[in-house]
Amino acid sequence: MKKSILIAGLILLVLTGKEVISQNAQRSELTTDYAQYVNPFTGTSRMGHVFPGATAPFGMVQLSPQTYFVPMFLEDGSYNKKTYEYCAGYQYRDTTIIGFAHTNFSGTGHSDLGDVLVMPTTGKLILEPLETSVGNKGFYSVFSHDEEHASPGYYKVMLDSYHIRAELTTSERVGFHKYTFPESKQAHIILDMVYNVYHHDNKNTWTFIRVENDSLITGYRQTKGWARDRKVFFAIKFSKPFKSYGHKKYDQVIYDGFYRRFKQEKNFPEMAGKNLRAYFNFETKENEIIKLKVALSPVSTAGALNNLNTEIPHWDFERTHNETREKWNKELSTIEVETLDKNDKITFYTALYHTNLSPIIYEDADGKYRGLDQNIHTSDGFTNYTIFSLWDTYRALHPLFNIIQPGRNNDMIKSMLAHYDQSVHNMLPIWSHYANENWCMIGYHATSVIADAMVKNVGDFDRNRALQASVNTAKVNYFDGLGEYIDYHYVPDDLSHSSVSKTLEYAYNDWCIAQMARQTGQPKIEQEFLKRSKYYQNVYDPAIGFMRPKLSNGKFRENFDPMDTHGQGFIEGNAWNYGLYVPHYIANMIKMMGGKKRLTQRLDSLFTMEIEDKYIKNHEDITRDGIMGNYVHGNEPGHHIPYLYNWLGQPEKTQARVRMITDKMYGHKVDGLCGNDDAGQMSAWYIFSSLGFYPVTPGSPDYALGSPSVVNARIHLQNGKTLAIKTRNQGRENVYVKNVTVNGKSLKGASLSHQDIVNGGVIMFEMTDKPSIEQN
């Protein structure tokens with residue numbers, strides 16, 4: 001009996017073991033390292049303006065190398081055009097590193113940040129980054145890309161000038177440094193609090209550092225740049241006590257009170273001034289490792305220290321690296337793709353990675369954050385976010401979030417509503433970052449983000465409150481020509497710059513508000529804003545067939561060139577491109593512009609004609625990198641244009657143009673972005689288009705069909721369902737779509753509904769190398 005029981009137990013153990021092995025094998029098969037397909041260097045050359053360093057998804061810390069220190073203004077006070085190249089602090093062509101900063105924008109066309117720059121060195125102490133006052137080498141190091149590596153949540157480089165290997169990883173709020181030193185009696189870690197991205201002489205308004213003990217420092221910096229009152233608090237822990245320390249001020253001290261009693265430059269535990277660099281001295285053995293944990297906070301040094309102790313209470317660098325890589329794999333696994341080759345897969349997952357870099361979390365681990373009113377608030381029922389580049393990201397990034405990140409987008413909208421509550425202007429954000437409104441670009445596109453979420457039933461934010469915030473924003477008459485738009489029913493060119501662009505954008509924003517009003521049962525508001533949404537008609541000149549600047553006397557401006565991107569009533573675009581921006585009334589626009597045949601001819605010309613250099617020379621945001629004929633893909637106003645052929649009864653031209661753009665304007669190498677990634681918008685266009693559809697009109701539940709470049713995809717939705725996107729006969733030459741089915745039923749027309757996506761199921765694209773007659 002006992003023998004039988006023993007045998008039975010052994011059999012059960014073997015079977016159980018096999019089951020465990022089988023489950024583990026299955027789990028192993030299901031666990032894919034998507035991070036291996038991300039190349040953080042993509043877009044770091046020329047116009048992409050992205051950073052290659054370490055960060056967590058939507059993390060507050062972006063710990064990345066800075067390769068040059070470029071002042072924003074030249075000695076004669078004029079703008080230094082070279083500054084623009086360093087919006088993310090890094091250019092791939094460079095061979096020098098001046099340190100590792102903890103805050104960086106991703107892909108923007110103007111900039112700020114570059115806070116808390118750390119640089120390890122050896123030898124004689126040097127405190128100037130590029131060149132000393134007597135012309136000697138600064139503390140920068142040369143490096144080789146052969147000794148540089150980056151992956152999601154990790155960065156490594158050999159600092160050849162000092163034989164120091166630098167490794168970086170992060171949590172959401174903490175940067176983790178690992179430096180492997182050579183043997184040296186003169187090893188230093190420099191804390192450069194002068195450095196800024198887009199630095200100017202008056203940018204640093206105050207810096208304060210406390211040496212709490214021999215391995216902990218705290219402090220803050222306040223700057224006046226793109227954000228005119230920005231505060232960053234920090235706490236830094238060293239794994240090894242420093243033996244001495246000091247600092248140097250780079251500003252004239254007019255009055256220092258009774259602090260003049262002290263010799264503050266060396267081993268004095270308080271450092272204060274507008275511009276200063278601190279240093280911490282060590283002795284190191286061969287291959288000795290010194291680690292730093294640098295935590296940020298928008299609130300206080302106590303908040304930074306709590307973030308540090310909450311997120312990385314240990315000194316295990318690999319543990320943090322692995323945890324952050326797992327976070328990235330979780331985000332990247334929301335879309336599984338099969339592609340025609342590995343390079344396409346790298347391009348896809350790198351684009352998906354870039355869409356997860358901003359907006360960023362902007363609150364401490366305890367929920368406290370600094371508000372627009374500069375007071376300290378606590379988030380209630382949401383996570384607070386910042387970096388809202390809304391003129392860019394309303395087009396595709398936030399619509400993408402409504403599919404793969406609806407929870408985060410809900411929090412982002414709640415963050416916008418918190419901004420509204422704290423705004424003395426009673427306005428939603430225009431372009432905001434770090435508890436500041438910077439007023440960049442035009443329109444009030446928070447209304448688009450909100451409307452798109454509402455019509456797609458995303459989030460639990462207060463719909464009526466969101467509508468009221470949008471209405472109030474749209475009635476601030478001193479904002480950027482808005483009062484004139486209300487009075488004249490267009491923005492007069494002699495009263496406000498970029499008048500045509502503003503009229504078109506405001507009209508679309510007003511249509512979005514009307515959609516909100518419809519959703520909340522407010523017919524009076526709906527009709528008011530539907531009326532305003534048609535003001536775009538007032539800047540169309542039928543005599544020339546283009547949108548055109550109109551003066552306050554009701555006449556069109558005489559001196560006008562529809563090819564020129566400068567001074568013609570458009571911002572970062574020309575009439576050929578920007579003049580096609582009526583996403584909310586496309587059918588009416590076609591009729592207004594002479595019908596389908598005439599507009600088709602215009603679109604055909606747009607993609608084939610050449611634009612001369614003289615028409616783009618005055619815009620740093622428009623370069624040859626992102627131009628196809630006269631079509632500008634490297635800037636946002638034209639991102640919907642390839643899809644307009646669908647409304648003209650020629651979807652095959654949309655399909656061909658979209659595939660041409662995904663192939664020519666994107667790639668897996670360092671030059672793989674044709675323009676500024678603009679906080680993820682450029683990459684979001686690629687994600688949508690490679691999947692076969694695009695949100696031409698955010699605020700509508702419909703998407704325009706295109707031509708998928710993936711072979712197959714699976715989108716894992718937060719409602720637990722899965723949408724499979726499949727292709728038949730996919731190939732490089734098979735860019736045309738013969739037929740589309742949704743769950744086995746043929747799709748009529750050239751659009752897809754949001755319900756088709758969130759209900760899950762299968763969307764099948766049958767591909768061919770010839771235009772489909774059935775679609776014409």
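Among contacts in the protein chain between residues at least 6 apart in sequence, what share joins residues at least 24 apart? I found 69%, taking a contact as heavy atoms within 4.5 Å.

Basis. I worked from a predicted model, in which local features need pLDDT of at least 70, side-chain atom pairs count only at pLDDT 80 or more, and totals for chains, interfaces and linings use all residues. Residues are numbered from 1 along each chain as its sequence is written, and side-chain values use heavy atoms, without hydrogens and water.

Overall form. I checked the radius of gyration over C-alpha atoms against the globule rule, 2.2 Å times the number of residues to the power 0.38. The chain has 28 Å, which agrees with the value near 28 Å for a compact globule of 776 residues. I noted a C-alpha trace spanning about 95 × 80 × 45 Å along its principal axes.

Burial. I recorded 63% of the 776 residues as buried, meaning under 20% relative accessible area with a 1.4 Å probe, protein chains only.

Secondary structure. I listed 18 helices and 38 strands, as DSSP runs of at least four residues (H or I) and at least two (E), numbered from the N terminus.

I looked up an open sheet of three strands, ordered E24-E25-E26 with antiparallel pairing. Strands E24 (388–389) and E26 (436–437) are at the edges with a single partner strand each, so one side of each has no neighbour in the sheet. E24 pairs with E25 (residues 431–433) over two bridges; pairing requires at least two bridges found by DSSP. Ser389 has Trp431 in E25 as its bridge partner.

Notes:
Buried means under 20% relative accessible area, exposed over 50%, partly exposed in between (1.4 Å probe, protein chains only).
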